[in-house]
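Keep the model open while you read this report.

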Amino acid sequence: MSNFIHFGIAEKMYSEEQNKITKLFEIQYPIIQGGMIWHSGWRLASAVSNCGGLGLIGAGSMYPDILRENIQKCKAATDKPFGVNVPMLYPNLEEIINIILEEGVKIVFTSAGNPKTYTETLKKEGLKVAHVVSSAKFALKCEEAGVDAVVAEGFEAGGHNGREETTTFCLIPNVRKHISTPLIAAGGIALGSQMKAAIILGADGVQIGSRFAATEEASAHDNWKQKITDLKEGDTQLTLKELAPVRMVKNKFFQEIDQLYENGRNVENLKATLGRARAKRGMFEGDLEEGELEIGQVSSLIEEVLPVQKVFENLLKEFRATECPDF
């Protein structure tokens with residue numbers, strides 16, 4: 001039984017003819033790099049794509065002109081497919097979509113909003129569209145909106161998250177039960193063994209954020225990258241549900257937020273404490289005390305900052321080596 005599972009899963013992952021994600025995005029491996037704010041510039045996206053995965057530029061932390069520059073540099077750095085992640089709660093949304101179309105990007109991942117907003121527009125222009133969700137309910141809405149793929153993200157993930165607090169291990173089989181659209185698992189995935197588990201649970205591919213955050217090519221500050229490798233179990237927590245749920249490191253800034261909860265859940269006080277540019281201050285500028293540091297629970301398994309190519313080598317080696325034992 002174990003050999004059947006092992007080789008069946010390996011064939012599903014590596015065969016472009018068999019795997020829905022590799023076929024959809026015309027990539028070698030069904031590994032998508034999350035479009036993380038302050039991490040996912042053109043260097044990271046192009047490196048992932050050049051290794052056979054799908055790199056995503058994170059538009060959420062870019063002004064429109066910076067996004068255009070990153071797209072153009074990514075096109076120059078790789079002849080492989082890449083995409084742009086667009087959080088739909090950010091300003092300048094229409095301008096960002098127009099830049100994506102003008103620059104000829106072929107793949108868009110949307111998140112934090114209604115999948116119906118731009119899916120039809122993008123698909124009419126020939127783009128492939130995926131949308132990130134945190135529940136089977138919203139996965140069904142994605143399918144109704146006509147997306148090409150659904151990213152189901154468990155609450156282990158870093159950054160903005162779902163209010164349901166459903167773990168990836170529970171989320172993936174439940175979403176798979178409800179939709180036939182190609183399914184990408186996200187949240188809590190940094191090892192090849194975790195990739196295999198996600199596929200066994202029903203995913204067609206994986207989206208990885210935290211592991212790619214701690215790479216040489218990520219655009220985040222070196223102080224923050226090193227901090228990721230030092231994190232242990234319990235060093236992150238989901239908070240700010242009254243505004244937009246986000247998983248972050250328990251640093252001094254987090255403790256200031258936590259203190260507000262001790263004094264009651266005043267939304268205005270939370271907004272005032274959050275202020276502006278906290279995420280940039282933490283992850284991009286390297287202020288590990290006063291900045292907002294977004295990362296997933298799986299950071300406790302990340303021990304060193306690596307080049308993207310080495311991350312891929314490790315993921316694929318671990319994936320191939322992971323067997324499913326008989327009972």
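Trp-38 has a relative accessible area of 18%, so it is buried. This is a predicted model. Trp-38 sits in the loop that links strand S1 (31-33) to helix H3 (42-50). Its phi is near 65°, a positive value, and Trp-38 is not a glycine. Most residues other than glycine have a negative phi.

Glu-165 also shows a positive phi, about 60°, without being a glycine. Look for Glu-165 in the loop between strand S7 (159-160) and helix H8 (168-178). Is Glu-165 buried or partly exposed? Its relative accessible area is 38%, so Glu-165 counts as partly exposed.

## Helices H4 and H5

Now find helix H4 (residues 64-77) and helix H5 (residues 93-102). Their axes lie 10 Å apart, and the helices pack at an angle of about 20°. H4 is therefore roughly parallel to H5. The two helices cross in a right-handed way.

Which residues of H4 and H5 meet? From H4 come Pro-64, Leu-67, Arg-68 and Ile-71. From H5 come Glu-95, Ile-96, Ile-99, Ile-100 and Glu-102. Sorted by type, the residues of this contact are six nonpolar, three charged and no polar.

Glu-103 belongs to the loop between H5 and strand S4 (107-111). Buried or exposed? Glu-103 has 11% relative accessibility, so it counts as buried. Leaving out residues up to four places away in sequence, Glu-103 touches Arg-68, Ile-71, Gln-72 and Lys-75.

## The nonpolar cores

In soluble globular proteins, nonpolar side chains tend to be buried together. Here the largest nonpolar core holds 71 residues. Which of them touch the most other members? They are Ile-31, Ile-57, Leu-67, Ile-71, Val-84, Ile-100 and Phe-212. Helix H15 (residues 308-321) gives the largest share of this core, six residues.

Take Ile-100 as an example. Not counting residues up to four places away in sequence, Ile-100 touches Ile-71, Val-84, Val-86, Val-105, Val-108 and Leu-127. There is also a second, separate core of 15 residues. Among its members are Ile-27, Ile-32, Ala-149 and Val-151.

## Helices H9 and H15

Next, compare another helix pair. The axes of helix H9 (residues 192-200) and H15 come within 7 Å. They cross at roughly 60°, so H9 is oblique to H15. The crossing of H9 and H15 is right-handed.

On the H9 side, the contact uses Gly-192, Ser-193, Met-195, Lys-196 and Ile-199. On the H15 side, it uses Leu-315, Glu-318, Phe-319 and Arg-320. By type, the residues of this contact are four nonpolar, two polar and three charged.

## Phe-138 in H7

Finish with Phe-138, which is part of helix H7 (residues 136-145). Its relative accessibility is 35%, so Phe-138 counts as partly exposed. Setting aside neighbours within four places in sequence, Phe-138 is in contact with Val-133 and Glu-164.

How many residues apart along the chain are Phe-138 and Val-175? They are 37 residues apart, and their C-alpha atoms are separated by 9.3 Å.

Terms used. Residues numbered from 1 in each chain as written. Predicted model: local features only at pLDDT ≥ 70, side-chain atom pairs only at ≥ 80, totals over all residues. Heavy atoms only, no water. Axes fitted to C-alpha atoms, helices over the stretch in contact; angles between N-to-C directions. Helix = DSSP H or I, 4+ residues; strand = E, 2+ residues; numbered from the N terminus. Parallel < 35°, antiparallel > 145°, perpendicular 65-115°, else oblique. Left-handed = near helix turned anticlockwise from the far one by under 90°. Contact = heavy atoms within 4.5 Å. Nonpolar A, V, L, I, M, F, W, Y, C, P; charged D, E, K, R; others polar. Buried < 20%, exposed > 50% of the residue type's maximum accessible area, 1.4 Å probe, protein only. Core = buried A, V, L, I, M, F, W, Y, C linked by side-chain atoms within 4.5 Å.
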